[in-house]
Amino acid sequence: MATTTAPPTTARRRGPRTRAELLDAAERVVLRDGPAASMNAIAAEAGITKPILYRHFGDKAGLYVALADRHIEILMERLREALTRPVPRRARTEAAIEAWLRLVEGNPALYRFLVHRAQAEEPEVRDRVALFQRRLGDALAAGIVAELGPAQREWPRAQAWAHGIVGMVQAASDWWLDEQPFGRADLTRHLADLLDGAYGRA
């Protein structure tokens, strides 16, 4: 008597098995829901229960920090590439500003979530973002010193300039995201003009 093989059944949806997949699910929720993103929604998007999500990241702060770390490293890589291009200073300045604005514009909901909502809720995220800003300022200061000269006396001045630039670009990008008065290229040019001394010549 011939035997028949049962038709394949549709595989049940499984939850993510890797940290990267869970972070992908968290990003989808943040991009969809913005600051209203919740752990319940992230767990549902990932196809798991909330306790499993907590098991992977420890707590909500752990998930937020993991998301912040992922995008901090992406941005640091882009900025290092921009700051080491063998091009004139103005072109490097524009490339560095553009790298930041491109990431902000490409993921505005995620940016607002990490820089505003997550920092307000979780001190660990605030500390991680502050450390990133310090790293970013120091990397920029190193580039400034390389142009001004290697003398040690230049380092404090380079740090002051660099950390001021970081704060300026972040504040300007927050305003720009809210107002959208012109395109990313225009904002890049305006900020680079300011750093080139346009205000002093006006």
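## Nonpolar core

In this predicted model, the largest nonpolar core holds 59 residues, among which Leu53, Leu63, Trp100 and Phe113 touch the most other members. Such a core is a set of buried Ala, Val, Leu, Ile, Met, Phe, Trp, Tyr and Cys residues joined through side-chain atoms within 4.5 Å; buried means under 20% relative accessible area with a 1.4 Å probe, protein chains only. Helix H4 (residues 60–83) gives the most to this core, namely 11 residues. Helices are DSSP runs of H or I with at least four residues, numbered from the N terminus.

Beyond its neighbours within four places in sequence, Leu63 is in contact (heavy atoms within 4.5 Å) with Leu23, Ala26, Met39, Ile42, Leu53 and Phe57.

## Packing of H1 and H6

Helix H1 (residues 19–33) packs with helix H6 (residues 108–121) at an angle of about 100 degrees, and their axes lie 8 Å apart. Axes are lines fitted to C-alpha atoms over the stretch in contact, with angles running from 0 to 180 degrees between N-to-C directions. H1 and H6 are therefore roughly perpendicular, a term for angles of 65 to 115 degrees. Glu27, Val30 and Leu31 of H1 meet Ala109, Leu110 and Phe113 of H6 in this contact.

## Surroundings of His71

His71 is placed in helix H4 and counts as buried because its relative accessibility is 11%. Neighbours within four places in sequence aside, His71 is in contact with Glu27, Leu103 and Leu110.

## Basis of the values

Residues are numbered from 1 along each chain as its sequence is written. Local features need pLDDT of at least 70, side-chain atom pairs count only at pLDDT 80 or more, and totals for chains, interfaces and linings use all residues, while side-chain values use heavy atoms, leaving out hydrogens and water.

How values were computed. Buried < 20%, exposed > 50% of the residue type's maximum accessible area, 1.4 Å probe, protein only. Helix = DSSP H or I, 4+ residues; strand = E, 2+ residues; numbered from the N terminus. Parallel < 35°, antiparallel > 145°, perpendicular 65-115°, else oblique.
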